[in-house]
Amino acid sequence: MPKVFKNLIGGKEKDAVSGRTFENRNPADWNEVVGIFPKSDKRDVDAAVDAAKQAYREWSLYPAPRRGDIVKKAGDIMVARKEELAREMTREMGKVLVETRGDVQEGIDTAYYSASEGRRMFGVTAPSELQNKFTMSMRVSVGVAGVISPWNFPMAIPTWKIFPALVSGDTIVFKPASDTPKTAATLVEILVEAGVPAGVLNIVHGGGNEVGMAIVEHEDVELISFTGSTAVGKKISEIASRSLKRVSLELGGKNAEIVMDDANLELALDGILWGAFGTTGQRCTATSRLILHEKIYDKFLDMLAERASRLKLGNGLDESVEVGPCVNESQREKVHSYTEIGKKEGARLVIGGEFAKGGDLDKGWFYKPTIFAEVTPNMTIAIEEIFGPVLSVMKAKSIDHAIELLNGTIYGLSSAVYTRNINHAFKAIRDIKAGITYINAPTIGAETHMPFGGVKQTGNGHREGGASAFEFFSEIKTVYVDYSDKLQRAQIDTYRNS
Ligand code: NAD
């Protein structure tokens, strides 16, 4: 019998008020039910926000270094349970074990980084322009934070948000994606074991419209940290702006990798296979477009097609498997609809373009790694985020032309250039419009202590990762202490005689 999970509200396990539930199934074997979860709605969100509000004052008064100690302990528990967490995640969302181990490690790195930030959270002290007066700025907590996460990094992305929020002194209502509720529930369980007090972290399972929107609309939620699609991000931004909520949006991408004629082609090939087909292409930073210099176009495409068609698909729990399934049936249907569009619009299908079938593959949502060549900038598969194992290949005449093609999208998350020409590399660093640029490495591979996020319609200017996350989850307060025993007026008394 699959395990039945509950919400955690105010430290107590609770069913959804409606009594309804939903199933979470293994995308590599849809007969396997991973767990049963509460299908919550606004009433559950209201209870969770109340609990978070009640817990806020005490938590915000708890010293930040000690809040960090709790997060550090959660990291230690994750280290001890790493293999179990990785296997659980592979069963839940399909990506291969080597990647789910990486996803858990990202959470561990974020725990240790965030814990250390509890002893920094620096403000500024500066000399006052007046005598016998002291000035400083300090970081203070914000209040109740709404955390809404996607399914593709079920552990890493929630930790990017929850750990800095906790160390900053905020309390949390967390709604994970309904494709990956189990990893989220385990993360909450670990934080409770590490010592997070009742009410500080609450989890409410359920759908985006019922639970996510209720969090966004709630007047006592002070900030929203959202990662997901651009369409949903825009909706959240619109609604949250009515109450001037602070909102961080990490949204879609249409990332491109450029390979110049002077590149190490074998290195570029490895990078593209990893960038385009790792996580079955279901990463916000996945390589979705490949821009090849015309001089190596034919040769490189042949090399790529040969290697990509040999990638082994299957259940990610098998260590020899390189590509897992799409996360669910509708995601696979969506991917296939882009194949049909690509063919109709005149792109040349080089490999793939169909469901992967036969043996155990028939039990899951598998799709063959797919490559389209002769893609032009106005084609839908060059413009829209597909979020699957589909790569659109374009041809460029020069580095300037390649950068122009790369920039020709509404998104701006990650980018990559393979070249051994230093002039090309620096031109790319300067001219590419993206939050992240890699030189001689694929579009994926963010490190947790560095800022992460995108430009244009990939986000709204905030960054996750490292110290930048703390800028979002805390407020700056400026303090003046006048110990002169008289009224001193800044700007006026300072320059009275000038
Ligand atoms: P999604 O937007 O469908 O869902 C994300 C989360 O929002 C889920 O928890 C969902 O239940 C919730 N949600 C859905 N509708 C909502 C609403 N109306 N109000 C409030 N919450 C709502 O995205 P997804 O399919 O889970 O994830 C894939 C998308 O996420 C892709 O576009 C991908 O590029 C993006 N992504 C971005 C980053 C980044 O850091 N930029 C990282 C990972 C994924």
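User: In what order do the seven strands of the open sheet with mixed pairing stand?
Analyst: This is a predicted model, in which local features need pLDDT of at least 70 and side-chain atom pairs count only at pLDDT 80 or more, whereas totals for chains, interfaces and linings use all residues. Residues are numbered from 1 along each chain as its sequence is written, and side-chain values use heavy atoms, with hydrogens and water left out. Strands (E, at least two residues) and helices (H or I, at least four) are DSSP runs numbered from the N terminus, and two strands pair if DSSP finds at least two bridges between them. On that basis, the seven strands form an open sheet with mixed pairing in the order 14-15-16-13-12-18-19.

User: Which strands stand at the edges of this sheet, and what is the average twist from one strand to the next?
Analyst: Strand 14 (348–351) and strand 19 (436–439) are the edge strands, each pairing on one side only. Angles run from 0 to 180 degrees between N-to-C directions of lines fitted to C-alpha atoms, for helices over the stretch in contact. From one strand to the next, the twist averages 25°.

User: At about what angle to strand 15 does helix 11 run?
Analyst: Helix 11 (residues 329–344) lies across strand 14, strand 15 (370–373) and strand 16 (390–396). Contact here means heavy atoms within 4.5 Å. Relative to strand 15, helix 11 runs at about 20°.

User: Which residue in strand 21 is the bridge partner of lysine 133?
Analyst: Strand 6 (residues 133–141) and strand 21 are joined by nine bridges in the antiparallel sense. The partner of lysine 133 in strand 21 is aspartate 482.

User: Is isoleucine 422 buried or exposed?
Analyst: Isoleucine 422 is found in helix 14. Buried means under 20% relative accessible area, exposed over 50%, and partly exposed in between (1.4 Å probe, protein chains only). Because its relative accessible area is 57%, isoleucine 422 is exposed.
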